[in-house]
Amino acid sequence: MQEQQTIYGTVTQIVFQNTENGYVVLRLLARDGEEVTVTGIIPNLGLGEELICNGTWITHPSYGEQFQANSFERRLPESARGVAEYLGSGLIRGIGPKLAMRIAETFGAEAFDVLQNEPERLTEIRGITARKARDIGKQFTEMSEMRLLMDFLTENGLPVSLTPLLYKRLGVAAVDALSENPYMLCDEYYGIEFYMADQLAAHLDIPRLSPERCDAGILYTMRFNLDNGHTFIPVEKLVKAAADLLSDDDVVMEPERVEEGILRLESNGQLVREFICNRDAVYLRVMHEAEDYLANSLRVMAEREYQYDFDLEELLASLEADSDIDYAPLQRKAIVAAAKYGVTILTGGPGTGKTTTVRGMLDLYEALGLTVLLAAPTGRAAKRLSELCGMEAKTIHRLLEAGYANGGRLAFQRCATNPLECDVVVLDEVSMVDVVLMQALIEAMPQGARLVLVGDADQLPPVGPGNFLRDLIGSGCVPVIALTEIFRQAQQSDIVMNAHAINLGQMPAPSRKDGDFFVMQKDNAADIMATVVSLCKERLPRYYGLNPSQIQVLSPARRQGAGTIPLNRMLQEALNPPAAGKPEKRFGDTIFREGDRVMQVRNNYDIVWESLDGSETGTGMFNGDVGEITQIYPAQECLIVRFDDKFATYTYDMLGELELAYAMTVHKAQGSEFEAVVVAVSNGMSRRLLTRSILYTAITRAKRLLVLVGNGDAIEYMVKTNARNKRYSALRTRLRMIDPEQV
């Protein structure tokens with residue numbers, strides 16, 4: 001074992017810095033005058049800082065002798081030169097090298113104290129206004145507080161990317177809050193796995209069998225299963241899963257302790273326990289409230305029937321004649337039902353005329369003088385709905401004016417006390433909507449408004465909890481019009497016909513040379529990915545005149561086989577390789593480069609955007625939004641992404657919210673359409689991802705061209721596997737109950 005040593009010095013160069021985990025390679029001017037290379041986890045480092053590093057000397061095979069730091073202390077510089085280098089290194093917006101030198105010359109070693117405690121004194125320097133002085137002081141104070149938080153996270157093996165989230169919600173109290181309750185990190189807002197919070201708890205000497213740890217494990221198990229689509233968990237499954245999570249080689253959490261924890265959490269209101277669906281069901285309170293609210297509200301809405309002093313069908317016939325449209329019988333039935341009932345469901349596969357039917361509903365609503373709002377779960381789905389219907393559509397989050405309440409919690413401005421201004425809400429792609437978001441939408445609808453739900457029940461269920469559309473259809477409480485006729489024009493598309501064939505469990509039939517559906521069989525993941533790259537870079541652009549930006553690659557998996565992560569690396573290298581003068585930024589294992597296609601992977605209501613013409617600004621980007629990196633600004637440590645009709649700004653510490661999107665999972669693509677789709681399917685992927693509904697959803701994303709590249713056995717397995725993952729949900733049962741008191 002090498003001897004631990006300590007070196008002292010000043011940071012002169014930052015060779016490499018990973019803003020996600022704090023890893024850095026730096027040049028340090030040691031006190032003896034020698035410049036050495038130091039590596040280690042030292043987050044948010046600035047030039048001119050003085051470091052005391054503890055660690056060992058190693059010899060790197062390529063870079064020679066380095067000092068590997070395993071712990072450190074940092075001190076702000078005291079010399080005028082050190083102060084100038086530190087302030088001018090870009091850590092504080094508005095201070096460049098020249099202004100940094102003037103601050104250092106004016107205040108010397110007192111500069112940092114002035115910034116922290118007397119920022120108004122900065123106005124003594126020519127060119128600094130009172131407003132700019134306050135802004136610089138505020139930035140420095142926040143940076144200092146965040147550095148303390150970063151150091152705490154680093155010392156305890158937690159990702160430094162948590163810093164802005166913790167600081168936003170808790171401010172200077174973040175370290176104390178974490179020390180008191182490390183399991184708060186398991187909240188969905190932070191997204192930390194239980195074992196990481198458990199490691200912090202161990203460092204803080206929290207007993208392994210403590211009630212606090214037991215309760216945290218139960219809540220984590222409940223929240224984790226929301227991602228599996230469950231709104232509740234049977235108590236016996238919860239006890240076993242939580243006991244397994246909380247036990248290891250050193251400690252056994254007995255089931256009895258877990259049962260006691262469930263009782264504690266039930267008594268303090270965090271859990272709700274109820275016997276329903278022949279199960280002893282345990283809910284997170286928010287899930288129970290969502291199911292109960294939806295069941296009661298939808299029953300009332302479904303009983304509502306609007307009366308007219310004229311014949312709706314005659315009015316529709318006159319509108320039909322004026323528009324030269326000949327609706328099919330089921331389309332007429334759906335259009336009339338949408339005007340007559342409080343809730344109507346319209347379903348159907350590709351080519352069955354859902355869009356034409358929705359347009360007919362809008363024409364009838366206009367004739368009736370009703371105000372309509374269009375909505376969809378994702379930005380791309382809303383854009384598509386707008387284009388198809390000729391009127392504005394918004395995402396549900398934008399429609400409800402989503403934002404953050406105190407403490408960083410999601411809140412909607414539109415709600416029961418500030419309802420939407422409309423007579424009708426038409427919601428497309430409803431199969432993607434979970435019960436919590438659906439609750440928020442219905443709460444915001446004005447009394448007496450109609451709700452039209454449009455979707456394809458054969459597509460994937462929502463990523464979030466519940467199975468809203470299927471439960472509502474299965475309850476039998478709401479009028480459901482299922483379009484089944486494939487119209488003649490759609491029958492010319494092999495994409496449409498093969499989608500319906502797959503839905504019936506039949507293997508797809510590849511097109512002839514001039515068709516739109518092709519299958520390329522490859523045996524292994526490497527060959528599949530190489531073929532996908534060739535299709536996107538050369539073959540499809542050459543034969544079909546497609547720009548690579550019009551081609552979307554889809555895969556069922558992320559890491560396994562021909563998953564999106566390896567595909568994105570290969571596609572980025574082929575379609576947007578590094579080049580002289582093309583800026584790029586590494587964040588963790590990902591390199592972001594100007595020209596890259598990227599996706600926002602979580603809802604963030606604080607990201608600032610500006611319309612392309614600069615006439616409008618706002619905040620908020622949403623999970624699934626896809627754009628292109630147009631500019632990277634290394635000095636300002638930010639980049640600009642163009643999303644359809646807007647530019648959004650991301651600072652480097654926000655890059656964990658972006659992923660490369662040359663390839664995306666089928667789940668992420670739901671609700672979108674693309675000119676051409678290449679689907680990669682390989683052995684080595686989890687069998688739970690190789691299902692008929694995933695293949696069906698992938699194929700129905702393509703408008704003009706579909707190429708299925710994969711192992712023949714895996715494709716056949718998907719077609720034959722109609723299994724749907726069981727979701728624990730009681731919405732269907734609640735809807736069927738006549739008396740709410742019986743729920």
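Two strands are taken to pair if DSSP finds at least two bridges between them, and strands here are DSSP runs of E with at least two residues, helices being runs of H or I with at least four residues, both numbered from the N terminus. In strand S24, Gly627 is the bridge partner of Val598, and the antiparallel pairing of S21 (residues 597-600) with S24 (residues 626-633) extends over 3 bridges.

This is a predicted model, in which local features need pLDDT of at least 70 and side-chain atom pairs count only at pLDDT 80 or more, while totals for chains, interfaces and linings use all residues. Residues are numbered from 1 along each chain as its sequence is written, and side-chain values use heavy atoms, with hydrogens and water left out.

The two strands belong to an open antiparallel sheet of 7 strands, ordered S23-S22-S26-S25-S24-S21-S27. Because S23 (617-621) and S27 (658-660) stand at the edges with a single partner strand each, one side of each is left without a neighbour in the sheet.

Among the helices, H21 (residues 525-544) packs with H22 (residues 564-575). Their contact (heavy atoms within 4.5 Å) involves Met529, Ala530, Val532, Val533, Cys536 and Lys537 of H21, together with Pro566, Leu567, Met570, Leu571, Ala574 and Leu575 of H22.

Elsewhere, Glu49 is found in the loop between strand S3 (35-41) and strand S4 (50-60), and this residue is buried, with a relative accessible area of 0% (buried means under 20%, exposed over 50% and partly exposed in between, using a 1.4 Å probe and protein chains only). Leaving aside residues up to four places away in sequence, Glu49 touches residues including Arg74, Arg75, Tyr86 and Arg147.

Methods: Axes fitted to C-alpha atoms, helices over the stretch in contact; angles between N-to-C directions.
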